[in-house]
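Trainee: Can we go through this one together before I set anything up? I'd like to talk about domains, helix packing and charged pairs.

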Amino acid sequence: MPKWKTIIEPFRIKMVEPLGFTTEKERSDLLKKAHYNLFQIPADKVLIDLLTDSGTSAMSSEQWACLMRGDESYAGARSWYVFEKAVKDLTGYRYVLPAHQGRAAERIFMSVSCGPGKTVIANTHFDTTRANVEAAGSVALDLPVKEAFNFSSAAPFKGNIDIAALKKSISEIGARNIPMIIMTVTNNSLGGQPVSLSNLKEASKVARQNKIPLIIDAARFAENAFLIKLREREQSHRSVIQIAREMFSLADGCLMSAKKDAFANMGGFLAFNDSGWLKKAKELLILGEGFPTYGGLAGRDLEAIAQGLKEIVDENYLSYRARSVAYLAEGLKKHKVPIINPPGGHAIYVDAKHFLPHILPHQFPAQALVCELYGVAGIRSVEVGSLMFGRGKGRDFEPAKMELVRLALPRRVYTQSHVDFIIEVFGFIASRKKFIEGLEIIEEPKTLRHFTAKLKPVRVGGFR
Ligand code: F0G
């Protein structure tokens, strides 16, 4: 038999949901009404939704069956034991606490272990992780490797932590002031880039030498484990589940949003070995989430997550997943659309600063591209640039480090023809990109402005 070259979707479709077709006029009106902020657009007016891969997965028939098996007892539900076993089988950690989503697990864990005068170090904190570290009175320090900022380099593990910088920071800050080191796998805020197993081993060694707990932000652990298998030669013979288990064994605990690599629409958990953390974490869990055997989730959600954690490590699925992301990258490159290379695990990040050089950062080139994608074709994406991370206005404007548009691929949702369509749309936009206008903010909240800020188009150039 030949070795088949086409990597197919490893599922067939049993239930379908119509897409939101709209006319150009409708989209133009909707953009105006939404003040050029795509978070304000009703989802049924979106044709292809690449806003996030979080909570947007298609569940399997087995997961839907799990919903019917859900035991909704308040305490000690059967579904809780199914969930606990699935998390323990995967991570090997002794204690498991469910939470309604990743950031709830973060809030509990940071409240238990952080506090004023402390610094949490990470390869890169995800926004909610950083916000929870800061809300607990601590400083969040990111130490990504330098190549993470070189978008054109094909370095395979740009999600790594800079080990030399880690050692230096520990000696400067003092191990006793560092409640934990976090490894976000994959590194969502820096292009969904994976962390290598050898980097994780080194980080673990440094953490253990200094008696600092190492915590994995495991939202996309399986995508990371698969990219380790593909890109780290010594690991290519191992199964993804073996690699994933080793990743967890190198750490002292994990925080997980189950809305990504557990194919669930809602959920999360924290898991760890230290009995010292357990008592306080349980108290906070009961206070904010619920009794420790359901923690903010319905029994049916616990079942769906347990099943999703088994399905995600299927290598037929993961090879299709990695191929879909790479296929989108290849298509965009054909139209000379600059992206973060190599393609990461869950999304493609377009470098809008270089794609739209005529729009300067203070006129939000990435948000301008987000609006163009919607206006032209009803595709929704998200800005990761100066609207999200920039500060100030006019002459006080401080841009973000990068002006990116994230095209996140929901799991098992879109097919190859949807991706072909996205590529075609980019080809059209690339051919007339010099006509795209910048934006300015007309109203913004004090924090997390990208969710609710109001904007309007503005001719490019100069401060206003
Ligand atoms: N950690 C990472 C790496 C994440 O990407 C997210 C969420 C969280 C933690 C928080 O989890 O949403 O369940 O509370 N990322 C979403 C995204 C929102 O679109 O990338 P949550």
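Predicted model: local features only at pLDDT ≥ 70, side-chain atom pairs only at ≥ 80, totals over all residues.

Trainee: Okay, which domains does the assignment give?

Mentor: The domain assignment gives domain 1 as 24-53 + 314-457 and domain 2 as 61-311, so domain 1 is written there as two segments and domain 2 as one.

Trainee: And how far apart are the C-alpha centres of the two, and how many residues are in contact?

Mentor: The C-alpha centres of domain 1 and domain 2 lie 27 Å apart, and across the boundary 26 residues of domain 1 are in contact with 33 residues of domain 2.

Trainee: Switching to helices, at what angle do α14 and α16 cross?

Mentor: Helix α14, residues 365-377, and helix α16, residues 416-431, cross at roughly 110° with their axes coming within 11 Å, and the two are therefore roughly perpendicular to each other. On the α14 side the contact is made by L369, E372, L373, V376 and A377, while α16 brings F421, V425, F426, F428 and I429.

Trainee: What classes of residue are in that contact?

Mentor: The contact of α14 with α16 has nine nonpolar residues, no polar ones and one charged residue.

Trainee: Which residues of α1 meet α14?

Mentor: Those are E24, R27, L30 and L31 of α1, which meet C371, Y374, G375, V376 and A377 of α14. By class, this contact of α1 with α14 has six nonpolar, one polar and two charged residues. As for geometry, the axes of α1 (residues 24-33) and α14 come within 7 Å and cross at roughly 145°.

Trainee: And how do α3 and α9 pack?

Mentor: Their axes are 7 Å apart at an angle of about 90°, and α3 and α9 are therefore roughly perpendicular to each other. Here D89, L90 and T91 in α3 meet I241, A244, R245 and F248 in α9, which by class gives four nonpolar, one polar and two charged residues.

Trainee: D89 has a charged side chain, so what does it meet in a salt bridge?

Mentor: The side chain of D89 meets that of K85 in a salt bridge, at 2.8 Å from N to O. Being four residues apart in helix α3 (residues 78-91), D89 and K85 are separated by about one helical turn.

Trainee: Is that pair buried or exposed?

Mentor: D89 is partly exposed, with a relative accessible area of 39%, whereas K85 is exposed at 52%.

Trainee: How accessible are K229 and E315?

Mentor: K229 counts as buried at 16% relative accessibility, while E315 is partly exposed, with a relative accessible area of 27%.

Technical notes. Residues numbered from 1 in each chain as written. Heavy atoms only, no water. Axes fitted to C-alpha atoms, helices over the stretch in contact; angles between N-to-C directions. Parallel < 35°, antiparallel > 145°, perpendicular 65-115°, else oblique. Contact = heavy atoms within 4.5 Å. Nonpolar A, V, L, I, M, F, W, Y, C, P; charged D, E, K, R; others polar. Salt bridge = Lys/Arg side-chain N within 4 Å of Asp/Glu carboxyl O. Buried < 20%, exposed > 50% of the residue type's maximum accessible area, 1.4 Å probe, protein only.
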